[in-house]
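Trainee: Could we go through this structure together, one question at a time? I would like to see how each answer is reached.

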Amino acid sequence: MLFDPARHETLRAPRWDEGEARAAIERIVADAEAHFSEDRYWPLHPLDWDGRGNRDRVETSLYDGACGVVWGLHYLEAVGAVGLSRSHGAGLNRLLERNRARLGTSAERERSSFLTGDTPIRMMSFGVEPTPALENELAGLIAGNVEHAARELMWGAAGTLLAALFLWERTLSEKWAELFRSTASTLWNQLEWSPRYRCSYWTQQFLGSRFTYLDAVHGFVATALPLIRGRSLLSTERWSAWERCIVNTVERTADRDGRHVNWRPELEDRGDSRKRLVQFCHGAPGFVVCLAGLPSAAIDDLLLGAGETIWSAGPLAKGSNLCHGTGGNGYALLALYRRTRDSLWLDRARAFAMHGIAQTDRHAQCYGQLRYSLWTGDIGFAIYLADCVRAQARFPTMDVFFGASAV
């Protein structure tokens, strides 16, 4: 078996109800607006405190703090899912200052980070008013992150590769295309070869340790996503080399059990490499989301097998969030619908959505509040519901960024 049943719940799958999905979106957004304060932004969730540190701390990042909630609220308004009572993005300069304070001693080292640093906050400001000063600052953030030792999405060059792509799509400026190409070239030169697995990989260095992650946040396929989406910015020869590399590594690291497919967290054997994880940040869901835009059909059997694993495993017990919850797994099912146009995958994604609504309500009762976070909380799940309504697959801040420019 390629998943751990203890990490999942039995699917509660009532018939898809668009009205209930829309009502859940409105309920989540109304609650977020009601609990916003200028001083603390949003209350910290008990799961994010967990008895460690300051319970009154202010979370500010795109990943799990105020930046992500502001982005998510305005994105939902921009796509017509809700109407907001106010603009929550008026204080982006103050948010930047508070985010640097939250990073503390790592603020200078991690300021370019796509999920926790300055970069997404400055991109949101650029979406409102693209000044030359902001353009130069963003270019400096991206260029300054090319050699980051993390080599992944959260802190490393894979994240700022994605930022460069979003900025190019927004402006069509050659400046961003060149930054995309130079970052991709450095990542290519940093690839390592595994004689044991006969594939390429990266070593990531962060939090004082070295890893060989394969996943969609800290690993190999997190870098594959912007390369696939930005392939038009690369020469035909360079993209062909990247495609061969991506396909080979994905094929050689896949674990198969009948029609089911999954991937371990790391290339090399470590303690957590034996975990049978099926969530966006580790395992099949993130692989599907990151690879669903690959133009070649070479790994279609693996992507479909991954989809079967996600469906067989069922919703995640951790909740409805995107990073390690039911919403993130559901996005993989939506991505398979987008790739195949087979309505089976849309029906399955919507079944996960209905289960996730029940999880969200149950967890709110259990903890006495919602979880105010884009990647790890209820705002991200609300965006997933909106995509289920629209039968689209646009994973927030990985497939789309400037849809939230209404801030």
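Below, we talk through helix contacts, a loop residue and the cysteines of this predicted model.

Trainee: How are helix α3 and helix α15 oriented to each other?

Mentor: Good place to start! The axes of α3 (residues 66–78) and α15 (residues 378–390) come within 9 Å and cross at roughly 25 degrees. Angles under 35 degrees count as roughly parallel. Therefore α3 and α15 are roughly parallel to each other.

Trainee: Which residues of α15 make the contact with α3?

Mentor: α3 passes α15 in a left-handed crossing. From α3, the contact uses Val69, Trp71, Gly72, Leu73, Tyr75 and Leu76. From α15, the residues are Ile379, Ala382, Ile383, Ala386 and Arg390.

Trainee: How many nonpolar residues does the contact of α3 with α15 have?

Mentor: Sort the contact residues by class. Gly counts as polar and Arg as charged. The contact of α3 with α15 has one polar and one charged residue, and its nonpolar residues number nine.

Trainee: What is the orientation of α9 and α11 to each other?

Mentor: Helix α9 (residues 220–229) and α11 pack with their axes 8 Å apart, at an angle of about 15 degrees. The crossing is left-handed. With the cut-off for this class at under 35 degrees, α9 and α11 are therefore roughly parallel.

Trainee: How many charged residues are in the contact of α9 with α11?

Mentor: Look at both sides. α9 brings Val221, Ala222, Ala224, Leu225 and Ile228, which meet Gly286, Phe287, Val289, Cys290 and Leu291 in α11. By class, this contact has nine nonpolar residues and one polar residue, while the number of charged ones is no charged at all.

Trainee: Is Gln279 buried or exposed?

Mentor: Gln279 is found in the loop between β6 (260–263) and α11 (284–291). Leaving out residues up to four places away in sequence, Gln279 touches Pro285, Gly286, Leu316, Cys323, His324 and Asn329. Its relative accessible area is 6%, and buried means under 20%. So Gln279 is buried.

Trainee: What is the relative accessible area of Cys366?

Mentor: Cys388 is buried, with a relative accessible area of 0%. Cys366 is exposed, because exposed means over 50%. The relative accessible area of Cys366 is 60%.

Notes
Residues are numbered from 1 along each chain as its sequence is written. This is a predicted model: local features need pLDDT of at least 70, side-chain atom pairs count only at pLDDT 80 or more; totals for chains, interfaces and linings use all residues. Side-chain values use heavy atoms; hydrogens and water are left out. Buried means under 20% relative accessible area, exposed over 50%, partly exposed in between (1.4 Å probe, protein chains only). Axes are lines fitted to C-alpha atoms, for helices over the stretch in contact, and angles run from 0 to 180 degrees between N-to-C directions. Helices (H or I, at least four residues) and strands (E, at least two) are DSSP runs, numbered from the N terminus. Angles under 35 degrees count as roughly parallel, over 145 as roughly antiparallel, 65 to 115 as roughly perpendicular and the rest as oblique. A crossing is left-handed if the near helix is turned anticlockwise from the far one by less than a right angle, and right-handed if clockwise. Contact means heavy atoms within 4.5 Å.
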